[in-house]
Amino acid sequence: MSEYKPSVDEAQPLDTAAALAEVLDRVAARTFRDDLIDAGLLIPTGVDGLYGRSEVFENVVEAINRLVTQRGADQGAEVMRFPPAMNRADFEDSEYLKSFPNLAGTVHSFCGGEREHHRLLKCLEDGEDWMDNQKPTRVVLTPAACYPCYPVVAKRGPLPPEGRTIDVFSYCFRHEPSLDPARMQMFRMREYVRMGTPDQIVQFRAMWIERGKALIETLGLPHSIELANDPFFGRGGKIVADSQRAQELKFELLIPIESEEKPTACLSFNYHMDHFGEIWKFYTADGAVAHTGCVGFGMERTTLALFGNHGLDVENWPASVREALWGKQ
Ligand SMILES: [Zn+2]
């Protein structure tokens, strides 16, 4: 939906109740996205789901990120920060393309010589397709913040008896252009990733479901925890999704943002079983294939949930929420 602009007709004096009702209807159809853009919180780029963020928006993101750090301070987590891209070979190994080929983002670059460059410039000049000489690089965009850390940790050899916990934070890419501001193509995810025995993962996840709920409660946001599944691609995808649900591998913390009936997943609690352990051949201290799990905090979605529930003016947010985010002022 584009930004609301009065049409020529509306600029005319309103002489009937029907005309007034129509205008009011159209104003009511303004979306949360329109409001966020008008308030300057999101900066549109012309591509659906790709936005700039304002200082106010970033202040909220940073405050949520600090809260997550505080809640996870006892985890002894190793901090790893990767750019929002990963090694294409690792990405291929991860089997992401089996499940979500439609969401993946690959990085291509010009790999031609002088002649190809001339052709490229000619194509641009003639408004023709210029992508012919763009070839895949060894880099793909990160689909989830935890992906780059598994092969790196696997290379270190067997896990210590207590397992490992890694703290990651990254922009992620998913190719799903949408007008829903909570469904961005590039967004940030903060995660704690746990690697160890099945017991260690299950216990970690149960603990983070409680911690996640407590964190969202301090932000004064309504929420619920639901069993969930990933949007696996294709006809076979439904079977995989059903099995993921049956095994209770994924839970989400949902917060109503634009709609009460369709709340948005803002946090997720995932158990991958031995999927990554098998792929990257990493083992626990006693030689079993390592299991992994992660808790992910959707930074933009949680931020949008705050704006959606407490209003677009952070100065008017409840004092308890402001204090949770920025301390006593
Ligand atoms: Zn993850």
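Visitor: In what sense do β4 and strand β6 pair, and over how many bridges?

Guide: In this predicted model, β4 and β6 (residues 134–141) pair in the antiparallel sense over 3 bridges. A pair of strands requires at least two bridges, so the 3 bridges between β4 and β6 meet the criterion. Within β6, Val139 is the bridge partner of Asn87.

Visitor: What is the strand order of the open sheet, and what makes β4 and β5 its edges?

Guide: The order of this open sheet of 3 strands is β4-β6-β5, with antiparallel pairing. β4 (85–87) and β5 (106–110) each have a single partner strand, so one side of each lacks a neighbour in the sheet. From one strand to the next, the twist averages 60°.

Visitor: How do you know that the length of helix α7 agrees with its number of residues?

Guide: Helix α7 (residues 114–126) has 13 residues, which at 1.5 Å a residue should span 18 Å; the C-alpha atoms at its ends are 19 Å apart, and the two values therefore agree.

Visitor: Why is α7 called hardly covered?

Guide: A buried residue needs 20 or more other C-beta atoms within 10 Å of its own, and the count of residues in α7 that qualify as buried is 0 among 13. Just after α7, Gly127 takes a positive phi of about 65°.

Visitor: Why are α4 and α12 described as roughly perpendicular?

Guide: The axes of helix α4 (residues 55–71) and helix α12 (residues 299–310) cross at roughly 115° and come within 9 Å. Angles of 65 to 115 degrees count as roughly perpendicular, and α4 and α12 are therefore given that description. Their crossing is right-handed.

Visitor: Which residues of α4 and α12 meet?

Guide: Phe57, Val60, Val61, Ile64 and Asn65 in α4 meet Met299, Thr302, Thr303 and Leu306 in α12.

Visitor: What makes Val193 count as buried?

Guide: The threshold for a buried residue is 20 or more neighbours; Val193 has 27 C-beta neighbours inside 10 Å and therefore counts as buried. Val193 is found in strand β8 (residues 186–196). Leaving aside residues up to four places away in sequence, Val193 touches Cys146, Cys149, Thr165, Ile166, Val168, Thr292 and Cys294. Of these, Cys294 is the bridge partner of Val193 in β12.

Visitor: How do you know that strand β12 is largely enclosed?

Guide: 8 of the 8 residues of β12 (residues 291–298) are buried, so the rest of the structure largely encloses this strand. Both faces are covered, with His291, Gly293, Val295 and Phe297 buried on one side and Thr292, Cys294, Gly296 and Gly298 buried on the other.

Visitor: Over how many bridges does β12 pair with β8, and over how many with strand β11?

Guide: β8 and β12 pair in the antiparallel sense over 8 bridges. Strand β11 (residues 264–273) and β12 also pair in the antiparallel sense, over 6 bridges. Met273 stands opposite Thr292 in β12.

Visitor: Why is Glu95 called partly exposed, and why is Glu248 called exposed?

Guide: A residue is exposed at 12 or fewer neighbours and buried at 20 or more. Glu95 has 13 other C-beta atoms within 10 Å and is therefore partly exposed, whereas Glu248 has 12 and is therefore exposed. Glu95 lies in the loop between α5 (88–93) and α6 (96–99), and Glu248 lies in the loop between α10 (235–246) and β10 (250–255). Although not a glycine, Glu95 has a positive phi of about 70°; phi of Glu248 is also positive, near 50°.

Methods:
Residues are numbered from 1 along each chain as its sequence is written. This is a predicted model: local features need pLDDT of at least 70, side-chain atom pairs count only at pLDDT 80 or more; totals for chains, interfaces and linings use all residues. Helices (H or I, at least four residues) and strands (E, at least two) are DSSP runs, numbered from the N terminus. Axes are lines fitted to C-alpha atoms, for helices over the stretch in contact, and angles run from 0 to 180 degrees between N-to-C directions. The expected span of a helix is 1.5 Å times one less than its number of residues. Angles under 35 degrees count as roughly parallel, over 145 as roughly antiparallel, 65 to 115 as roughly perpendicular and the rest as oblique. A crossing is left-handed if the near helix is turned anticlockwise from the far one by less than a right angle, and right-handed if clockwise. Two residues are in contact if their C-beta atoms, placed from the backbone, lie within 7 Å.
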